[in-house]
Structures are given as C-alpha cells and as structure tokens.
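Here is a short briefing on one protein model. Look over the sequence and the structure first, then read the points below.

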Amino acid sequence: MAIMIYHQRTLVSTAGYDQVSGKWKYAATVSWSESGGVTRFHFVTTSPKLFDRFEDAEKAGIEAAKSWVEQKR
C-alpha cells in the first residue's frame, strides 16, 4: 500500500494480483475533508494496464490519483 498527502488530499494506492494474467493492477482513492467535518472520497478508475511488479502498480495508482487532483484544482 502506498499513501501520500498531496494538495491537502490523502492518496491511497493498493496493488491487487490478477490470477489470470499473473500480473498486478492498482486501485486508488483520494479523500479530503470539507467544512463541517465531512469527508469526501473519490475512487480512481483502474487502468487496463497490468504490471509485473506490485510496486509499479502502486506507483501508477498514486500517479493516477495525483492526476485526478490536478484536474479538479
């Protein structure tokens, strides 16, 4: 699992093993707090790309989450 704080958002990326292909894919979330103590979440859609190493899948998930944050700024 990879966790990062980026522009006041918490990014979390996890790698999941695909048993059919024998490779790794990511799942990533972005969370942030709004006024009134409300926490919001966005689930980043996974890429169709698969990775040989789980570290590469986690990194790609973080990059996808960062890209989503940048688009919303």
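**Strands and sheet**

Strand 2 (residues 9-18) and strand 3 (residues 23-34) run antiparallel and are joined by nine bridges. Strands pair if DSSP finds at least two bridges between them. The model is predicted: local features need pLDDT of at least 70, side-chain atom pairs count only at pLDDT 80 or more, and totals for chains, interfaces and linings use all residues. Residues are numbered from 1 along each chain as its sequence is written, and side-chain values use heavy atoms, with hydrogens and water left out.

**The sheet in detail**
- V12 has T29, in strand 3, as its bridge partner.
- Four strands form an open sheet in the order 1-2-3-4, with antiparallel pairing.
- Strand 1 (2-6) and strand 4 (38-44) each have a single partner strand, so one side of each has no neighbour in the sheet.
- From one strand to the next, the twist averages 25°.

**Overall build**
- From the N terminus, the order is β-β-β-β-α.
- The C-alpha trace spans about 45 × 20 × 15 Å along its principal axes.

**Burial and contacts**
- The protein has 73 residues, and 32% of them count as buried. Buried means under 20% relative accessible area, with a 1.4 Å probe and protein chains only.
- Take contacts (heavy atoms within 4.5 Å) between residues at least 6 apart in sequence: 45% join residues at least 24 apart.

Conventions. Helix = DSSP H or I, 4+ residues; strand = E, 2+ residues; numbered from the N terminus. Buried < 20%, exposed > 50% of the residue type's maximum accessible area, 1.4 Å probe, protein only. Axes fitted to C-alpha atoms, helices over the stretch in contact; angles between N-to-C directions.
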